[in-house]
Amino acid sequence: MPQRKAPPPRRPYVRHDAAWRRKRRRQQNAVTLAILALILLVLGFLIFLITRLFSKPKEPSSGNTSSSGAVSASAGPSSAGASGDEEPSSALADMGRVARTRSDLSSGDLILVNFDNSYEVEPPGLVSIAGAKTSDYGVKNSEIQLRDYVIPYLNEMMADFRAATGIGNVVILSSYRSVEYQRGLYEKELARTGKDYSDEVTKPGYSEHHTGLTIDLAYIASDGSWPFYDGQGDYGWINENSWKYGFIVRYPENKSDVTKIIHEPWHFRFLGPAHAEMVQKSGLCYEEYMEMLKKHPVTDPYTFSGDSGSYTVYYVPLIGDSAEVPVPKDKTYTISGSNEGGFIVTVTEN
């Protein structure tokens, strides 16, 4: 039987499909690009680390103050009792702490009382003005009271006013009012106008007169009448200089949209000489001034240099029911509640 001839060996399989070759090249290119991107990412991260490691931190800038009493805020902790090259955390670590609670919010000369912030606390240290005043001014009756430590400032202001003008007929018409007394005034005003609100008489519980830190002025004319006190003419001396004695015109012109009270040239509020000067020279009403202070924490305080001295001021918000207020260990300071959510620390720098 003839033997079958073996078939020829098969040639290796080679695909000549063009589409398949293009797909293969795209896959190889994608892998190459991914590897390059990863390398660039690693290099960029290394450059970033090296830059941060060897770059010098920017020192906090300090505010500038002028002898005329111009105000500026410093950007670092140096004005809060620490050297300018310390970090804020280090400056805070070098400060003491004073505990304050929610009940302390209504204590101090800087409390804000207005349509949004009530005050129904019995103020401490009320005394009759009649029993402590000088002969340079009068008082409507012996029942009108003011906080005891404010009266020396009032006496000095009225003595200087009389020395400057020769006028001694100014009278303290009103000062401290209880909530109940204010309620009577408010209801009488609504009955008079027929309105359900008043922009001339403050709601009971929301009047600055509850604080014992305010005075309303009047004067007695030669015929015995009590003309409207407008702070004009010779009497303008009081309105122009009251800040030197710690008082501000609480409701200035062109600010009634903020204060919600008409301009009252007869109504003065005691803040103390430092903050009265700051408010006066800032051109702000007290609501605006308080909002400005709230933007300055201990690490970015507000600094001021003027006739009353040089000061660093910062705001500490109350979180919860208590706060640990940072204070300098080697300088004189005061802490006042704001009556609206925090505390204002005023540090005397000289």
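Biologist: How many aromatic pairs does a search of the whole structure find, and how should I read such a pair?

Modeller: Bear in mind that this is a predicted model, in which local features need pLDDT of at least 70 and side-chain atom pairs count only at pLDDT 80 or more, while totals for chains, interfaces and linings use all residues. Residues are numbered from 1 along each chain as its sequence is written, and side-chain values use heavy atoms, with hydrogens and water left out. Rings of Phe, Tyr and Trp (the last by its six-membered ring) pair if their centres lie within 6.5 Å, and the planes are called stacked under 30 degrees, edge-to-face over 60 and tilted for the rest. The search finds 11 aromatic pairs. In one of them, tyrosine 153 and phenylalanine 270 have ring centres 5.1 Å apart and planes at 50 degrees, so the pair is tilted. Because tyrosine 153 lies in helix α3 and phenylalanine 270 in strand β9, the pair ties together parts that are 117 residues apart in sequence.

Biologist: Which lysines lie over the face of a tyrosine?

Modeller: A charge sits over a ring if NZ of Lys or CZ of Arg is within 6 Å of the ring centre and within 35 degrees of the ring normal. Lysine 133 lies over the face of tyrosine 137 at 5.4 Å from the ring centre, and lysine 203 lies over the face of tyrosine 206 at 4.5 Å.

Biologist: How many salt bridges does the structure hold?

Modeller: Side chains of opposite charge can pair when their charged atoms come close. A salt bridge here is a side-chain nitrogen of Lys or Arg within 4 Å of a carboxyl oxygen of Asp or Glu, and the structure holds 14 of them. One joins aspartate 136 to arginine 162 at 3.8 Å, N to O. This pair links distant parts of the chain, since aspartate 136 is in the loop between β3 and β4 and arginine 162 is in helix α3, 26 residues apart. Aspartate 136 counts as buried at 16% relative accessibility, while arginine 162 is partly exposed at 34%.

Biologist: Which residues are linked in a network of salt bridges?

Modeller: Glu208, Arg250, Arg269 and Glu287 are linked in such a network. Within this group, glutamate 208 bridges to arginine 250, with the closest N and O atoms 2.7 Å apart. Glutamate 208 sits in the loop between α4 and β7 and arginine 250 in strand β8, 42 residues apart, and both residues are buried. A further salt bridge joins lysine 255 and glutamate 288 at 2.9 Å, N to O. Lysine 255 lies in the loop between β8 and α6 and glutamate 288 in helix α8, so the pair ties together parts that are 33 residues apart in sequence. Lysine 255 is buried at 18%, and glutamate 288 is partly exposed at 24%.

Biologist: How many of the residues of α8 are buried?

Modeller: In α8, 6 of the 8 residues are buried, so the helix is largely enclosed by the rest of the structure; among them are Tyr286, Glu287 and Leu293.

Biologist: What order do the strands of the open sheet have?

Modeller: Two strands pair if DSSP finds at least two bridges between them. The open sheet of 5 strands has the order β4-β6-β7-β9-β8, with mixed pairing. β4 and β8 stand at the edges with a single partner strand each, so one side of each is left without a neighbour in the sheet. Strands β7 and β9 run antiparallel and are joined by 3 bridges, and threonine 214 stands opposite arginine 269 in β9.

Biologist: Which residues line the largest cavity?

Modeller: A cavity is a set of points, on a 1 Å grid over the protein atoms alone, where a 1.4 Å probe fits but cannot get out, and lining residues have an atom within 4 Å of a point. Grid points are joined across faces, edges and corners, and the volume is the space filled by probe spheres set on the points. The search finds 1 cavity of 30 Å³ or more, and about 40 Å³ of space lies in the largest cavity. Its lining includes Phe115, Tyr206, Arg250, Tyr251 and Glu287.

Key
Helix = DSSP H or I, 4+ residues; strand = E, 2+ residues; numbered from the N terminus. Buried < 20%, exposed > 50% of the residue type's maximum accessible area, 1.4 Å probe, protein only. 1 Å grid on protein atoms, 1.4 Å probe; cavity = no way out; pocket = protein on both sides within 12 Å on 5 of 7 lines; lining within 4 Å.
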